[in-house]
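Trainee: I would like a close look at a single part of this chain. Please keep it brisk.

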Amino acid sequence: MIRLITPRRLESLLEETHEARLRAAEIRAQADRSLVSRIHEVWELTTRAEAAESEAAKLRSALEELSAVVPLWLLLHYGELHSIHRTVQAAEDCAVAHGASGNWGPCSAARSAEEVTWRTVPVMVWEGHDAFLPS
């Protein structure tokens, strides 16, 4: 079948083709912008995930170190070391066994250690080390 195309119809087809190409270019540009945006988003999320993993590793390391820290209680008699105990209750029981009264309470900061008959002092000790951390 033979179809005759008039100059007006040809001009209309060329215009439609031009508009379709412009629309395709616009859609391609939107797709490119969207792709670049998603690539940046993935890069940022990856950076944040790596930073979080690094922070988690640091926290795990710190937790391992803290698990090696043991709380101990020093029992002082007139400011001199009398004994070392695993719990405050054990330290107080030891002091009572050595003649202290059973009334334990907060010690006044105004009084020096030498003025107090019995005093418990908490310390944190690195297990297997000579180092300690004041509580």
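Trainee: Leaving aside its neighbours within four places in sequence, which residues is Ser83 in contact with?

Mentor: Ser83 is in contact with Trp73, Leu74, Leu75 and Cys94, once neighbours within four places in sequence are left aside. Contact means heavy atoms within 4.5 Å. Before going on, note that this is a predicted model, where local features need pLDDT of at least 70, side-chain atom pairs count only at pLDDT 80 or more, and totals for chains, interfaces and linings use all residues. Residues are numbered from 1 along each chain as its sequence is written, and side-chain values use heavy atoms, with hydrogens and water left out.

Now the setting. Ser83 sits in strand E2, residues 80–85. Helices (H or I, at least four residues) and strands (E, at least two) are DSSP runs, numbered from the N terminus. Ser83 has a relative accessible area of 14%, so it counts as buried. The cut-offs are under 20% for buried, over 50% for exposed, and partly exposed in between, with a 1.4 Å probe and protein chains only. The Ser83 side chain also makes a polar contact, at 3.2 Å, with the side chain of His82. Such a contact is a pair of N or O atoms within 3.5 Å; within protein, one must be able to donate a hydrogen and the other to accept it, and residues adjacent in sequence count only if both atoms are side-chain atoms.

Take Leu75 next, one of the contacts of Ser83. Leu75 lies in strand E1, residues 69–77. Its relative accessible area is 0%, so Leu75 is buried. The C-alpha atoms of Leu75 and Arg119 are 5.9 Å apart, although 44 residues separate the two along the chain.

Leu75 and Cys94 both belong to the largest nonpolar core, whose 6 residues also include Ala91, Ala95, Ala100 and Trp118. Helix H2, residues 88–97, gives the most to this core, with 3 residues. A nonpolar core is a set of buried Ala, Val, Leu, Ile, Met, Phe, Trp, Tyr and Cys residues joined through side-chain atoms within 4.5 Å.

Step back to the whole chain. It has 2 helices and 4 strands. Along the sequence they follow the pattern α-β-β-α-β-β. Of the 135 residues, 13% count as buried. Among contacts with a separation of 6 or more, 46% join residues 24 or more positions apart.

For contrast, consider Leu14 in helix H1, residues 7–67. Leu14 has a relative accessible area of 55%, so it is exposed.
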